[in-house]
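This briefing is meant to be read with the sequence and coordinates open. Please keep both at hand while going through the points.

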Amino acid sequence: MAELTYRDAVIRGIAQEMERDPDVVFLGEDVAKAGGVFKATVGLYEQFGPLRVRDTPISEQAIMGAAMGAAMTGLKPIAEIMFSDFFAVCFDYIANEFPKSRYMSNGQLKCPLVVRTGNGGGSRFGAQHSQSVENWCMMIPGLKVVAPSSPVDVIGLLAASVRDPDPVIFLEHKSLYATKGEVPDGEIVDTLGTAKILRPGKDATILALALMVPRALEAAERLKAEHGIDCEVVDVRSLVPLDTQTILGSVAKTHRLFTVEENPRLCGWGAEIVSIVADEAFYDLDGPPVRITTPHIPLPAADTLEDIVLPTPQRIVETVRRSLGS
Amino acid sequence: MATVNDRAPGPAGLNDDIGEQKRLEMYRTQVVIREAEQRAYDLFLQNLVKGTSHLSLGQEAVAAGFAGAMQTGDLSFCTYRGHAHTLARGVSVEKVLGELMQRDNGLMRGKGGSMHLTSAEHGVMGSYAIIGAHLPIACGAAWRAQYKGTKDVATCFFGDGTTNIGAFHEALNFAAIWKLPVVFVCENNLYMEYTPIGDVTAVPHPAADRASAYGLERIIVDGNDADAVYRTAQAAYAKARAGDGPSLIECLTYRHSGHSRADPAKYRPEGELDRWKLRDPIKIYKERLLQFGVPEKTITDIDTDVRKIVDDATEACKAAPNPPAEIITTDVYADGGWAWRN
């Protein structure tokens, strides 16, 4: 057991998989010799050499296409798109190519690859380097979408993603890179499509993803201490596949549902989950499900403004307390 | 400045570097494409080919020349105008027509359609309908070959219109800096879709005039002459297999039909089609075979045999059932199904 940063967990996760399987290769902008702009790939070039860890030009379409061509012919590529906002310049691969080749070819083609990307706000980078784009990916049939919140989950879910036979979008949160957590020694492999109950509770279920997870946990502690409200915090972890059973099970126990989403409000992941709960567990609910999201706006750069729009522990506390009428 | 690659036409005669057997193979490939594409057009008029279709009538020599120069294990990446390249790799006419007719006997059982013909067992690694998308994908397949030390080459076919999209330029630079074993083949048929390519491109030769920007040789070939295409392809494949990197080849050709089935091609100047039909690739190839002393009966036997294959395929497709509804939800994910939740 060792304490590791989320950033170093990325390095350890990639290294674990590259050591295991010589067909795992890694490409992206500034990822090799420079070790990545977020320093989340430092040392991989030195450890695995220039044939397996490759710097690319600023050509997101080339990165994505090359990863796909390599994947469909036998390699297991990990591609890095530096900021998830840049998905917009290579979205053809995310929307049209990776997820449809197997289906359109009636199962002849495969696309086992992982796209890692720096997602989310909190870095004061403004509207084009701060977005939470998980909902851009979740809506596309054929993709899998993962967003870890802790170092141990980074390693385990990254390993599961690399070993998965489908294309996986792996959303690392930029504001979590410096956070730390306990990580066991040895190989770590997790399972996609599994949510984790991080804090059991009986009064309300709070679903969260990535950076919103520590904020939900902080809010839950304050709700208990200051208001006597006992919240169950569920880290959704994987949007596709979605662990609906864990979510429905928690709602059946607490009878109240809150989602904490960093994505802008319209079509956020919580909307789909609320819809599922309304369809399948309506009579478990003692009150309306409530979504706590970033408003439907581009993100402002200024720290004071960005801090207002992203969901905070304070906003979660106030929303839950008000909704539960205490 | 050379306008046509001087690798072609080379020494003339049946026992030259191409030889009789390869020539008859390439003739047959061209006739298969011609007959199958013409049949696809006829079936469209009978409302039996559904959706859209983009024919390669007039462009057969490009497909035949490249496929003729490929080895088993080489990979083809095609566009939505991909019937020709799929047939040229040996995929059956029935499976291609079946897919165009969206029947259960189609290559992908109707799940892909005309624009996405794929036959992995023949090395046809997909037909891509988003302009430019498959150039980087072909780079990736070539990267795998380079990494694994296999000697296969990826060939990426695309139209002149593709040279003005970003992915073209990203892929060319990427392939050049990584020295990838990939061959980019621009079929310049003079029209983007309905607009002359010259009206929307800053240079006269949309592919070849961009080659120098990526440190590549400027290669233009007569795309209506299968021998010229074949020799150019051979040289590019030898370069790729030797580890000397990519090639960009511009094939000058012309499509006899419109862009897609919806297009009567009325934008063409009068007489242009007739002039190109004088250089119909099958016509000039047949004349060459006769000139080289191939008996006429050998040629007509090929024609007759191919027509029968296409006729039989047509009947088989007409008799084939529609795809069953059960396959709607298969192969979304690698587990064979479509489950996105538990």
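The notes below go from the overall build of one chain to the contact between chains, then to a sheet, a helix and some backbone details.

The model is a predicted one. Chain A has twelve helices and 14 strands. Its contact with chain B draws on 41 residues from chain A and 35 residues from chain B.

**Overall build of chain A**
- The radius of gyration of chain A is 19 Å, which agrees with the value near 20 Å that a compact globule of 326 residues would have.
- Along the principal axes, the C-alpha atoms of chain A fill a box of roughly 60 × 40 × 40 Å.
- Buried residues make up 58% of the 326 residues of chain A.
- Among contacts in chain A with a separation of 6 or more, 79% are between residues 24 or more positions apart.

**Contact between chains A and B**
- The contact takes 41 residues from chain A and 35 residues from chain B.
- On the side of chain A that touches chain B, at least two residues each come from α3 (60-72), α4 (91-97), α5 (101-104) and α9 (244-254) of chain A.
- The most is given by α3(A), with ten residues.
- Sorted by class, this side of chain A holds 19 nonpolar, 16 polar and six charged residues.

**A sheet in chain B**
- Six strands of chain B form an open sheet with parallel pairing, in the order β2-β1-β3-β4-β6-β5.
- The edges are taken by β2 (124-128) and β5 (219-222) of chain B; each has a single partner strand, so one side of each is left without a neighbour in the sheet.
- On average, neighbouring strands of this sheet are turned by 20° against each other, direction ignored.
- β5(B) runs parallel to β6 (residues 247-252) of chain B, and four bridges join the two.
- Opposite B:Ile219 stands B:Ile249 in β6(B).

**Helix α6 of chain B**
- α6 (residues 166-177) of chain B has twelve residues and spans 17 Å from its first C-alpha to its last, close to the 16 Å expected at 1.5 Å a residue.
- The buried residues in α6(B) include B:Phe168, B:Leu172 and B:Phe174, as well as B:Glu170.
- B:Ala167, B:Ala171 and B:Ala175 are also buried in α6(B).
- The cover over the buried residues of α6(B) includes α3 of chain A, along with α5 (134-148), β4 (182-188) and β6 of chain B.
- Just after α6(B), B:Lys179 has a positive phi of about 50°.

**Backbone details**
- Most residues other than glycine have a negative phi, and most peptide bonds are trans.
- A:Val240 and A:Pro241 are joined by a cis peptide bond, with omega about -5°.
- A:Pro241 is placed in the loop between β12 (238-240) and α9 of chain A.
- A:Ala210 has a positive phi near 55° and lies in the loop between β10 (204-208) and α8 (212-227) of chain A.
- With 28 other C-beta atoms within 10 Å, A:Ala210 is buried, because the cut-off is 20 or more.
- B:Leu190 has a positive phi near 80° and sits in the loop between β4 and α7 (208-211) of chain B.
- B:Leu190 has 16 other C-beta atoms within 10 Å and is therefore partly exposed.

Note on methods: Residues numbered from 1 in each chain as written. Chains lettered and ligands numbered in written order. Predicted model: local features only at pLDDT ≥ 70, side-chain atom pairs only at ≥ 80, totals over all residues. Contact = placed C-beta atoms within 7 Å. Nonpolar A, V, L, I, M, F, W, Y, C, P; charged D, E, K, R; others polar. Pairing = 2+ DSSP bridges. Axes fitted to C-alpha atoms, helices over the stretch in contact; angles between N-to-C directions. Expected span 1.5 Å × (residues − 1). Buried ≥ 20, exposed ≤ 12 C-beta atoms within 10 Å, placed from the backbone. Rg over C-alpha atoms; globule rule 2.2 N^0.38 Å.
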